[in-house]
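Me: I'm new to this one. Can you walk me through the structure below?

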Amino acid sequence: MNYLEFIGFLQIVLIATTPVVFAGIGELVTEKSGVLNLGVEGMMLVGAVTAFVTLVITGSYLLAFLFSIFAGIFMSGLFAFLVLILMSNQVATGLSLTIFGIGLSSMIGKKYIGTPIDGLTPWYFVILSFLIVFLVGYFFYKTKSGLILRAVGESHTSAHALGYSVLKIRLLAILFGGSMCAFAGSYISICYAPMWQEGMIAGRGWIALALVVFSTWKPSRILIGAYIFGGTSIFQMHLQGKGFKFPHWVPFDDFFSSAPFFNMSPYLATMIVLVIISSNKLRIKLSAPACLTMPFYKGS
Amino acid sequence: MIKFFKYFTIILTFFGLTISTAYSDPKKVGFIYIGPPGDHGWTYMHDQGRIHMENQLGGAVTSTYIEGVPENADAVRAIRKLASSGHDLIFTTSFNYMDQTLEVAKEFPNVMFEHATGYKRADNVSTYSARFYEGRTIIGHIAGHLTTTDTVGYIASFPIPEVVRGINAFYLAASKVNPGIKIKVIWAFTWYDPGKEADAANTLINQGADIIVQHTDTFAPCQAAEKAGVLAFGQASNQEEFCPNAHLTAIEDVWGPYYAARAQAVVDGTWSSTETWHGMDKGMVVMSPYNAKLMSADLIQEAINMEVAIKDGSLHPFAGPIYNQAGELVVPEGQNADDGMLAGMNFYVQGIDDELPQ
């Protein structure tokens, strides 16, 4: 890999990883408040289609991102109403939000499939993704409100006893998560692969969810996890393009040099790191929000 | 009320499976799609075929489709769902539905099945495919002429005979024009992921490819080529509107007449298990208009002449001598590869500097 090729490689990695960072950091904030929202994929799809359709109709990028964030707030608001007010099961509600999002986005986008648009340059968003991770980290560990949010996630009864409104704080965390997911979706449909296609998020929402566990609920590690995954997935393509083969003294070199192995390598790399992280059970126990997926009602 | 029904149907989406049902009538034809009909690629063309069939046969048939069916055990459920809901003819439109189609066909001997691009048949299971590789020969010829870096990037989906055949046909034609041409293959192991396809295209362009060929289903690679200022070929349908300054031509799949004929056979009661493999001569494979902005008039004429030659049989994409990577003669001079070899093709021809995943 020469210098120019390396720069090109880095660019592709940055562009490909950014949406997962946005969605991951949004979901992290939601989970830190003690709510597990499995609807990331659905919210990303709705965000993607809203941004795309708005752009086609109005021609304004700003409105596109704005409306996409509104769509994320709507989707996550729906989720918040169900799990916070009606106290439905978070796992089931989140899953149905994803399924709902798949259907809703297909319906909204039906007429707009294959409409050509001018894509936006991704670089501002790449910078923004780093900035947001930094800001969330600052918010969590350097501000009082961040401490309160974490307290709600760790023990909602204590936070309630101290006089904090658990439901209000969780609502805000869910809405932030939803808007970040939708924003990630709009980045995909406007910058990354400028088009609308049904189901175009193609599982990135689930990767974002896995990233939160991977990061052991720490913002900076979202970046590390996302770039391990994104970097490996682009690097394996690079190796395939170069026709890279392991030398014969490597055991099972045929297997390791095969395209199927290359394609599973990003998942494998992430899994290996996850295993290492979770080998310390105490660490996982300490870092996971203690009230994750637990419903809160004032009588308890 | 109709609108309400439409919304209701969509809300009933279960794990990405949407069912859209038209009005009810005697013969019901079902389709299993791997992607959404809006991919402007593979599934889109099958859906165009379905619409053509409905228009041709008027009220004699109605059709239903299930989209986004994964190529695993879920496919069994989806196919069985169609079979058990009174469908008379079911088209399963992706290679890896093969065993699932046969499994369900055994349970429903009175339902007719048609499996696209496969090779396993039964009394109530036909197979059909198009000779896409004829189109790959033409784009290979064009690429051989137009590449300046002598490097072509090829985004492949899965190492199945259909895809391998495409790569070989492309390389044989390209290397005939330009013996020094190199082909870089990235196996994406997906048919449908716009982001990943764009990443693969960008990686190949970054490594010096100045023409992008794809065997995946969306127009993301063509778009990436447009952005980077290199050339590309469309896949399955004409994708020129998405990448007007990169799109040279595309290999289009035209299923409509076949679907209409098979549905008609079911209506008439004359359906029997067959094996169909049509190419340009029967109009199942069609080249999109050649881009005159990017290709010289001479090159366009050459491509058109090749089309004519393929149609009348004077040009065969796999005419001997053909050697495999080990240097063994697989098709002797003066002979053409037979359909058996083409259908099961699992080797690269000599000159491709890569290893085929097995």
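Me: In chain A, what share of contacts between residues at least 6 apart in sequence join residues at least 24 apart?
Reply: 81% of them. Two residues are in contact if their C-beta atoms, placed from the backbone, lie within 7 Å. This is a predicted model, where local features need pLDDT of at least 70 and side-chain atom pairs count only at pLDDT 80 or more, while totals for chains, interfaces and linings use all residues. Residues are numbered from 1 along each chain as its sequence is written, and chains are lettered from A and ligands numbered from 1 in the order in which they are written.

Me: How many helices and strands are in chain A?
Reply: Chain A has 13 helices and 0 strands. Both are DSSP runs numbered from the N terminus: helices are H or I with at least four residues, strands E with at least two.

Me: How much of chain A is buried?
Reply: Buried residues are 49% of its 300. Buried means 20 or more other C-beta atoms within 10 Å of the residue's own, with C-beta atoms placed from the backbone.

Me: Which residues touch the most other members of the largest nonpolar core?
Reply: A:M44, B:I212, B:A225 and B:A232, out of 188 residues. Such a core is a set of buried Ala, Val, Leu, Ile, Met, Phe, Trp, Tyr and Cys residues joined through C-beta atoms within 7 Å. Helix α8 (residues 166-192) of chain A gives the most to this core, 16 residues.

Me: And what is B:A232 in contact with?
Reply: Leaving aside neighbours within four places in sequence, its contacts include B:I212, B:A225 and B:H247.

How values were computed:
Buried ≥ 20, exposed ≤ 12 C-beta atoms within 10 Å, placed from the backbone.
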